[in-house]
Amino acid sequence: MAWLFLIAGGLFEVMFTFCLGKAKETSGAAEYGWDGGFCISLIVSMTLLIKATQSLPLGTAYAVWTGIGAVGTALMGIFFFKEPASFGRIFFLFTLIASIVGLKYVSE
């Protein structure tokens, strides 16, 4: 169950960075909506991380949580914010994913 909390927390981390990016692109009432989404996603993400660290090693949980956030945010940037998708960037995203999966298997 802790791994599910951790994965969900990582996905909410991606959500709060997405809201941050959208807030940067808007103004007025729309910006406040994205700012609110950022705050809610941040609170949920941190709460799930705290819940996961109650039974997983802190170092592993934090590394996996930030890894999910980093990969998800980079992909979000490519697909939604027109950031470059160069070979090097994709290659290192795959190595990051492999490292996250490796951490899960050596932590059991």
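**Helical architecture of the predicted model**

The protein contains four helices and zero strands, and the structure described here is a predicted model. Read along the sequence, the elements follow the pattern α-α-α-α, and the C-alpha atoms fill a box of roughly 45 × 35 × 15 Å when taken along the principal axes. Among contacts between residues at least 6 apart in sequence, 68% join residues that are at least 24 apart. Of the 108 residues in the protein, 31% are buried, while the accessible surface comes to about 6600 Å², 75% of which belongs to carbon and sulfur atoms. The protein carries 6 positive and 6 negative charges, the mean positions of which lie 5 Å apart.

Helix α2 comprises 25 residues, namely residues 29-53, and at 1.5 Å a residue it should therefore span 36 Å, a value with which the 36 Å separation of its end C-alpha atoms agrees. The buried residues of α2 are Gly37, Ser41, Ser45, Leu48, Leu49 and Ala52, and these buried positions pack against both α1 (2-25) and α3 (58-80).

Most residues other than glycine have a negative phi. Lysine 82, although not a glycine, has a positive phi of about 55°. With a relative accessible area of 78%, lysine 82 is classed as exposed, because this value is over the 50% cut-off.

Terms used:
Residues numbered from 1 in each chain as written. Predicted model: local features only at pLDDT ≥ 70, side-chain atom pairs only at ≥ 80, totals over all residues. Heavy atoms only, no water. Helix = DSSP H or I, 4+ residues; strand = E, 2+ residues; numbered from the N terminus. Expected span 1.5 Å × (residues − 1). Buried < 20%, exposed > 50% of the residue type's maximum accessible area, 1.4 Å probe, protein only. Contact = heavy atoms within 4.5 Å. Areas by Shrake-Rupley, 256 points an atom, 1.4 Å probe, with all protein chains shown as cover. Lys, Arg positive; Asp, Glu negative; His and termini not counted. Charge placed at Lys NZ, Arg CZ, Asp CG, Glu CD.
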